[in-house]
Amino acid sequence: MSIWKIALFIIGFLPWMAYADDFFASKVRPILATYCFKCHGPDETTRKGKLRLDVREAALKPARSGSRAIVPGKPDESELVARIFTDEETEVMPPPSTKLTLTKEQKEILKQWIADGATYTEHWAFLPPKRVAPPSVLAGHWPRNPLDRFILARLERERLAPAPEADRLTLVRRLYLDLIGLPPTPDEADEFLRDTRPDAYERLVDRLLASPAYGERWARRWLDLARYADTNGYEKDRVRSIWPYRDWVIAALNADLPFDQFTIEQLAGDMLPGATLEQRIATGFHRNTMINEEGGIDPLEFRFHAMTDRVATTGTVWLGLTLGCAQCHTHKYDPITQREYYQLFAYLNNADEPELFLPDDRAVEKLKEIARLEEELPHRFSPEQEKQFQQWVEQARSTTARWTVLRPSALKGSLPLLTLQDDGSIFVTGDQSKSDTYELTFDTPLKNIAAIRLEVLPDDRLPGRGPGRVYYEGPQGDFFLSEFSAFADGEKVTFREASQSFASGNNKAKFTLDGDQQTGWSINGGQGKTHQAVYRLDKPRDVSQLRVQMLFEKYYAANLGRFRLWVTSDTSATAGEVPTELEPILLLDSEQRTPPQWALLRRHFALTSPHTKKLREPIDQLRKQLPAPKKTLVFVERPAENPRPTFVHHRGEFLEPTEPVTTGLPAILKPPAMPSTRLEFARWLVSPDNPLVGRVTVNRHWAAFFGTGLVATQQDFGLQGDLPSHPELLDWLALEFMERGWSVKQLHRLIVTSATYRQSSKVTPPLLARDPNNRLLARGPRVRLEAEVLRDLVLRSSGLLAMRLGGPSVFPPQPPEVTSEGAYGKLDWKVSPGADRYRRGLYTFMKRTAPFALFSTFDGPSGEVCLAKREVTNTPLQALSLLNDQTILEAAQAVGRQMIDDKADLNHRLKQLFRQILTRPPTDDEVELLRGFYLTQRHRFANKELDAAAVAGEGPGNVVERAAWTVTARVLWNLDETIVKR
Amino acid sequence: MDRMMQRRQFFTRCGLGLGQMALASLLAEAQSPNDPLAPKKPHFPAKAKRVIHLFMAGAPSHLDLFDPKPALAKLEGKPLPPSVIGGQRYAFIRPDAAVMGPRFKFQKCGKSGVELAAEVMPRLAEVVDDLCLIRSMRTDQFNHAPAQIFLNTGFSQPGRPSLGSWAVYGLGAETRDLPAFVVMSTGAGISGGSANWSSGFLPTVYAGVRLRSTGQPILNVASPRGIDARLQKESLDLVRTLNQKRLDQDGDPEIATRINAYEMAFRLQSSAPEFMDLKKESKETLDLYGCDLDKPSFARACLIARRLIERGVRFVNIYHEGWDAHSDLTGNHKNNCQATDQGSAALIKDLKRRGLLDDTLVIWGGEFGRTPMVETNAALGRSLGRDHHPQAFTMWLAGGGVKPGLVHGETDDLGFHVVKDPVHVHDLQATILHLLGFDHEKLTYRFQGRDFRLTDVHGKVVQALLA
């Protein structure tokens, strides 16, 4: 027990030793930050007695009473000292109401500091990293690269020696698990053992870095930060398609896209000159925010929540700062004001958030075939169909009116931006609400107007391809036109009737004239197609100025995305099925039509007429086989004419915007030139001018290998964060990383080829007492595997793992209740067929409100917030999962099927299985234990005491043996050694 | 059971030699400051040792069940004055919608004479003298998911720890045979989803564990088909022996923790069928709850909750989602009362007669109230419903150190605003933590450089509720 306390004592002093030269940073500021800054820190609004202690000049200023909080060198004259030492309840600081009390030691530290002159030093993380030469060490033979000198110098200072190098089997397993997230097969391990070249280890590292599995492994870690998931979150938690972003991350990591470029593309790929499709897909990073689809929500309110999440996430990932704290008030500890928070907010706040439809390799062949068949159809009419076609042409001609496109002279949306396109259609972007109005003015004088036509058009830039802009809660791509009205020279036009080419259910165009906002026209089921509504006037009239108003009101945002207005003087005009572009052709006399015009008519007839339905069947069949459209969520910077304003929000409340702000960086970050756009902001984040990004990034990678970062608070490098255990190493690595072209693979190579990384992870009692969390790194890392790696390991070592890169997320087996029972947005967990049952964990469908059970049991994320560091727990539920989960059982059964094909003797096969799972060969002792277990169970299966078929599952061969192997493999996957990287 | 004792028995059962045992227990001891579930003392002696939270998700109407408003009947069909409504946003209705009168008859009940709609809650009316009614609840959120998450975690967005997680974080676990924080659900799907019982940034050991009514009660608690108790035991023995060898070799105390976890898992496997087995309950008890032995229902969940807390479970959530009466409030609330009235009342009676009510806090209520105005929308096929209403709603507490037979707070004549003794969600949270022995301002967790707490920077303990 006492050893333990001593250990804690020593560890408590570790950071201070590293900062021995900076008394203020190591001892004083932590006290001030914890006990004083809340009322005497950066936040003006809550500052008490106008005293500010986080800035020296302010702290030294005399108060109105004349007293000075701090008089350098004179603790006896310093009010601060008097107030912390007094026993007076009304005087003492911190006041009793804060429930904080300073210890005697802390008081003495403050007093000492003032006596020594009360020097302030700037917080280390806000200063640029300093290049320090790797220190000299006594054990000069030990370091393998400069990184080791920093670690060793520290160990030598602590009078500790590094652990011996781990054996080669341990190393090969560690490397495989770390770099590609999979265990080596026995053959792969042996290949390394046989390689006696001096650089065998480095060669292995390079081989693994080049493996496509590397990108999969490291993508998962990045996706934790990106809060990636396959559903929208909140109540409805409906499915979204953003997996192309996940695949982009994998590809980028495999290509070793430099981290600066990796960053810029994700934050502002859309703004890069000539942005490629890939760069636009990359902007999905900040589209991984949740979307609330609950009935009746205010979509702008939840967009605001998504925005605060974007700011907080950006802060965590690229600055290691808890920016979220400044949403409601100026940061209590870090020098970031509330206004500065909203200036950062403004960088990210000027994008539209559409879906991007993508070309799909999986569909290319079928689409080609469909196009070919469609081309062919018009040439395959039977004589009967020829006749029907001619009849249709005549009939359509007789009902087609002469329409003229109206081009508005003015157009305005309540929130949305209406933009006139070349073809006279109006395309809509920008924000939308539950009640949006459009107003269009036409100044062309019109004669004898008998009807107005509203044509609604699909567009790939719209949700569900339009024509509407419904993106949440309602049917994607639909709209809900509640009211349609027109004013002729200021006078309201009376319509005799309204007709439409298509309506969903009873939502017909006539209800847009009834004055009731709850009723209206919508086209659900007809998304991706053109439709029209025709409003016939009670009598034809001349108009010199026509004004059209549309109201879209629903309990979700339901405005139109693309539409066009037409007029006609034909008093019998109604909404027709014929596409508007065919109308001029139909109106020609037969003999005037050119062959291409005829071809268009034939094609339309072939593709739509009931008489040609049979002809179209092969096409319909092919269409049914097409995969779901490949699409992803992206950012698109808004056009210059429609900037989205950003405000400071009082107490961080959406409903309380106060003063407007423009983009800007917090003063503490001292930008030489202020970035003004999202793209410039992204570039600044990964420039040498950002003192934090290099450190924060290398620290995260360090933690991925060693379990803990050099700064333990990976997400917080601010004043409340931990001090680095090896500050010089952190700076050296950060500079090395940036100077080596931000190459993550180079960084990984540097870390894993170090002597530090290659140490044995054995924990000796003295070391455990001295440094229980291995912050000094006198031994190698020993960390439980992450949820996905763990499952991948089981599948890989059973031979079941299907190594296919990318694609839509998959549904491996789990009890269906996980995503149905008690979940509002129920998801029918239909287990993927074929190889998709056994894909790598990062392809598992992530449902935010009911995550994949096996992964959440092992501390996997829900994708609801940015996660810089996963917890590592060790619980009975984890034991139950490894023992009883379906996937483990199936893997064990697969082992059963393999083992009976192996004709070697039992011990040999046990060793083989052991190596498949644990890489190293078992000891004789272990073989004996396993053998005993295997034989006992085989005996019980053989004498029918146990149901072999139930345990072994389906398969050929001796079921008793298969069952015995199944339960043996199950035991091996439950070993601590199996699920720990060591 | 005493933890030392448990450990001793466990190591004895492991058949470890004395030397190994000494090492193992030294390691385990070294571990104990890190054991996240070790029992801990709260800030001051607790009135409530455990909590059963009956979450009426979807939001029941205070106006039709708990808060009698004769004035509403008089105003029926007329719009509310805009001065009352202010700038409130609604999910579906327009603020000028007409008023709808209470749908059920209110009646003075019990010795305390508290008025409630006994017509649809006859059993609850019988225990009204044990209840502490808060008619002045208020929340900040008017959509289901954010409001449910807010009531559970003090914040409207997912990512923070829930009340149950805070409780277990603060108190540790009383038993290792069962999870400390259990979640059941009996109605429709829950809007807030797993964020409602998430441990947020606290370690996941504090998250609520789902107890399912179909399939295995706890995921993977049953051994796979064909694996009998002996095989499971022998498998675990082998795992333990091999892990022990690894511990001797590698010396990492995490291995000892894992050995422990497997031991607990084994106990969980045997305790799960036991607590789910209601056959041991008397006929009289089953009749009291009015539940079927095997058919999932709210009442059955209440009975299981009692069995769980008897076995040392700290915090039980039962979600009954389905109160979201945008249309046909009468029919909706009749059905939901029918489903929940007897179970809730039986739980109070049963706890009381077993002497458990004194230190078990029962909480009943939804995430907000419902509008005095009617919701009608022909296009959506809705009529005679009520929309969401965050300004006022009713919840009740019972046992665990709250005043029985009390009505706290008041709303205006229309049940629109609170006019006396408002209790904000953060106040309720502060009060619940107080009953559990915590100063809500001191039960904190350092995350991202800040000491987070359930009540954020708000919350006042409602002294008037305390017995």
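1. At what angle do helix α30 of chain A and α10(B) pack, and how far apart are their axes? Helix α30 (residues 876-884) of chain A and α10(B) pack at an angle of about 75 degrees, and their axes lie 7 Å apart. Axes here are lines fitted to C-alpha atoms, for helices over the stretch in contact, and angles run from 0 to 180 degrees between N-to-C directions. Helices (H or I, at least four residues) and strands (E, at least two) are DSSP runs, numbered from the N terminus.

2. The model is predicted: local features need pLDDT of at least 70, side-chain atom pairs count only at pLDDT 80 or more, and totals for chains, interfaces and linings use all residues. Residues are numbered from 1 along each chain as its sequence is written, while chains are lettered from A and ligands numbered from 1 in the order in which they are written.

3. To return to the helix pair, α30(A) contributes A:Pro876, A:Gln878, A:Ala879, A:Leu880 and A:Leu883 to the contact, and α10(B) contributes B:Ala261, B:Tyr262, B:Met264, B:Ala265 and B:Leu268. Two residues are in contact if their C-beta atoms, placed from the backbone, lie within 7 Å. By class, this contact of α30(A) with α10(B) has 9 nonpolar residues, 1 polar and no charged. Ala, Val, Leu, Ile, Met, Phe, Trp, Tyr, Cys and Pro count as nonpolar, Asp, Glu, Lys and Arg as charged, and the others, Gly among them, as polar.

4. The contact between the chains takes 65 residues from chain B and 76 residues from chain A. On the side of chain B that touches chain A, the elements giving two or more residues are α7 (144-153), α9 (229-250) and α10 (253-276) of chain B. That side divides into 29 nonpolar, 23 polar and 13 charged residues.

5. Chain A has 36 helices and 20 strands. Its C-alpha atoms fill a box of roughly 100 × 95 × 50 Å, taken along the principal axes. Of the 982 residues of chain A, 50% count as buried. A residue is buried if 20 or more other C-beta atoms lie within 10 Å of its own, exposed if 12 or fewer, and partly exposed in between, with C-beta atoms placed from the backbone.

6. The largest nonpolar core has 360 residues, and B:Ile318 is one of those with the most contacts inside it. Such a core is a set of buried Ala, Val, Leu, Ile, Met, Phe, Trp, Tyr and Cys residues joined through C-beta atoms within 7 Å. Helix α35 (residues 959-973) of chain A gives the most to this core, with 10 residues. Leaving aside neighbours within four places in sequence, B:Ile318 has contacts that include B:Leu54, B:Phe55 and B:Met184.

7. B:Val209 lies in strand β6 (residues 209-210) of chain B and counts as buried because 21 C-beta neighbours lie inside 10 Å. Beyond four places in sequence, the residues in contact with B:Val209 include A:Leu877, B:Pro179 and B:Ile218.

8. Some backbone details deserve attention. A cis peptide bond joins A:Met93 and A:Pro94, with omega about -10 degrees; A:Pro94 lies in the loop between α5 (79-85) and α6 (104-115) of chain A. A:Thr919 has a positive phi of about 70 degrees although it is not a glycine, and A:Thr919 is buried, with 23 other C-beta atoms within 10 Å.
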